[in-house]
Amino acid sequence: MSSRSESAPRTVSLVTLGCARNEVDSEELAARLTASGWDLTSADDASVVLVNTCGFIQAAKQESIDELLIAAESGAKVAAVGCLAERYGAELAGELPEAQVLSFDDYGNIGARLDDVLAGRRRPAHTARDRRMLLPISPAERQPVPAALAGFPLDPAAPSTPWVPGGLGDGPGGGVFRRRLSGGVVAPLKIASGCDRRCSFCAIPSFRGAFVSRRPPEILAEARWLAGNGVRELVLVSENSTSYGKDLGNLRLLEEVLPDLAATPGIERVRISYLQPAELRPGLIEAIASTPGVAPYFDLSFQHASGRVLRAMRRFGDRERFGTLLDQIREKSPQAGVRSNFIVGFPGETAADLAELELFLSDAGLDAIGIFGYSDEDGTEAASLPDKLDGAEIARRVEEFAALADELMSQRAESRLGENIDVLIEEETDDGRYEGRAAHQAPEVDGVTTITSTATSTGRLAAGDMIRAVVTGSDGVDLAASAVMGGVNLR
């Protein structure tokens, strides 16, 4: 393998894997790197490749490792950040000497850290630890602790620049919040970091830390900055958006902030992701369902429908309770979009448990359904549970329920025929039609809507236009629609 010269220019390529939270982290890193004199470029031209890894499930871990190896084969110096790097630290560094492994605590001084990587100065990788233990147990005592969010240096004496989310933005300090890497009219906006829940199958809280909210002025300022950079839809992201505000002394803070976010000049739509059913209060349902400019969209983390399995997962609910919750949502907004993920093959899962899940899915009318097979995660309670199912049986259950999910999602999309929907246009297709998303369709995961005929005076649309349309057809989760005369908000 060739190696690029240590005297190579300070050029870096950022590779982002995983969820929308990682996308925001990468854009904040990009802004810091640019401010430190690094030039962002493609992987082919980079002296350093910085891979923002995912550590959620085994497939994501393997993808991250493969990406690091591919980067190393290019001859560039390689550094790993993100969840996999944070979760395994020195262990990952020992198994993958091709890359330097950095911690969340290095984000505040990322430019200097990459200077070390470029010069071949290897720093000892961090020892992984449970980041939940770094903050007070009581949420009310976490503000304004700077260690609360990934990227703050935990050692007050650490020689790094404090990284305050939003501190790079249009506030007193000027500058930019983050450097957008993908463009487009949709962008995630981080409202909080960390999680206080103790789901028995999930390791995320241990490496992302305890839950901490960003303050509303920071969020609103970043929303204005994103709107000024061409964004028309904000997707609010965190590990648990329903907890927003609890550490600021106001459990209803999200309901209060939503109208202001939706009123941001230039923003057409605000969407909320990562809602916990156990914390979804009536007031938040009302706010999401009825606030102008907020998508009536409920990204609910059900995970299963058997009460027995959910108790073993250390989660709330069962088929009846979840059905009642959906009834409450649809009473407020009959056309509301609902998506959820489900785990099959959890230790001890029986045929009766699967029957409960099948009954729930068949009755729930969900727009989007993700089916995942259970796998042991290091350090989780579920990894030590008895009655494990073998891999072949888990794969069989995934295949069976994924097929059921595809059928049910297709039926739900077909049931929307004749509905009036608001579609945010994202691009013009090669055949001259327009592709976008309705309120019930989140970016990348919930399908798209193709506008087959327009009703504007010019017949032309552009990315960022919001168009009123009627659904005329469906193909799986995807919709076809025709514009309603006079229902176009042109940019």
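**Asking what the labels mean**

Colleague: Why is T291 called buried?

Modeller: Its relative accessibility is 12%, and the cut-off for buried is under 20%, so T291 counts as buried. Keep in mind that this is a predicted model.

Colleague: Where does T291 lie, and which residues does T291 touch?

Modeller: T291 sits in the loop between α9 (282–290) and β11. Leaving out residues up to four places away in sequence, T291 touches P259 and E286.

Colleague: What makes A8 count as buried?

Modeller: That one is worth checking against the number. A8 has 18% relative accessibility, and buried means under 20%, so A8 counts as buried. You'll find A8 in the segment before β1 (11–16).

Colleague: Which residues does A8 touch?

Modeller: S47 and L118, if you don't count residues up to four places away in sequence.

Colleague: Why is Y274 called partly exposed?

Modeller: Buried is under 20% and exposed is over 50%, with partly exposed in between. Y274 has a relative accessible area of 31%, so partly exposed is the label. Y274 lies in the loop between β10 (269–272) and α9.

Colleague: What is the phi of Y274 near?

Modeller: Near 60°, which is a positive value in a residue other than glycine. Q303 is another residue to look up: its phi is near 75°, again a positive value in a residue that isn't glycine. Q303 is found in the loop between β11 and α10, and at 11% relative accessibility Q303 counts as buried.

Colleague: On to the rings. Why is the aromatic pair of F302 and F322 called tilted?

Modeller: Two checks here. F302 and F322 are 4.4 Å centre to centre, with 40° between the planes, and they form a tilted pair.

Colleague: What makes this pair a link between distant parts of the chain?

Modeller: F302 is in the loop between β11 (297–299) and α10 (307–312), while F322 is in helix α11 (residues 319–332), and the two are 20 residues apart.

Colleague: Which residues do ring pairs link into a cluster?

Modeller: F302, F316, F322, F342 and F360.

Colleague: Now the helices. How do you know that α11 and α12 are roughly parallel?

Modeller: Helix α11 and helix α12 (residues 351–364) pack at about 10°, and their axes are 10 Å apart. Angles under 35 degrees count as roughly parallel, so α11 and α12 are roughly parallel to each other. The contact is made by R319, F322, G323, L326 and R330 of α11 and E356, L359, F360 and A364 of α12. By class, that gives 5 nonpolar, 1 polar and 3 charged residues.

Colleague: Why are α1 and α5 called roughly perpendicular?

Modeller: Helix α1 (residues 20–35) and helix α5 (residues 110–119) pack at about 75°, with axes 8 Å apart. The range for roughly perpendicular is 65 to 115, so α1 is roughly perpendicular to α5. L29, R32 and L33 of α1 meet I110, G111 and L114 of α5. Those residues divide into 4 nonpolar, 1 polar and 1 charged.

Colleague: What makes α7 roughly parallel to α8?

Modeller: Helix α7 (residues 216–228) and helix α8 (residues 253–262) pack at an angle of about 25°, with their axes 11 Å apart. With the roughly parallel cut-off at under 35 degrees, α7 is roughly parallel to α8. Their crossing is right-handed. The contact is made by P216, I219, L220 and A223 of α7 and L253, V257, D260 and L261 of α8. By class, it has 7 nonpolar, no polar and 1 charged residues.

Colleague: And for the protein as a whole, how many helices and strands are there?

Modeller: 13 helices and 18 strands. Of the 491 residues, 54% count as buried.

Technical notes: Residues are numbered from 1 along each chain as its sequence is written. This is a predicted model: local features need pLDDT of at least 70, side-chain atom pairs count only at pLDDT 80 or more; totals for chains, interfaces and linings use all residues. Side-chain values use heavy atoms; hydrogens and water are left out. Axes are lines fitted to C-alpha atoms, for helices over the stretch in contact, and angles run from 0 to 180 degrees between N-to-C directions. Helices (H or I, at least four residues) and strands (E, at least two) are DSSP runs, numbered from the N terminus. Angles under 35 degrees count as roughly parallel, over 145 as roughly antiparallel, 65 to 115 as roughly perpendicular and the rest as oblique. A crossing is left-handed if the near helix is turned anticlockwise from the far one by less than a right angle, and right-handed if clockwise. Contact means heavy atoms within 4.5 Å. Ala, Val, Leu, Ile, Met, Phe, Trp, Tyr, Cys and Pro count as nonpolar, Asp, Glu, Lys and Arg as charged, and the others, Gly among them, as polar. Rings of Phe, Tyr and Trp (its six-membered ring) pair if their centres lie within 6.5 Å; planes under 30 degrees apart count as stacked, over 60 as edge-to-face and the rest as tilted. Buried means under 20% relative accessible area, exposed over 50%, partly exposed in between (1.4 Å probe, protein chains only).
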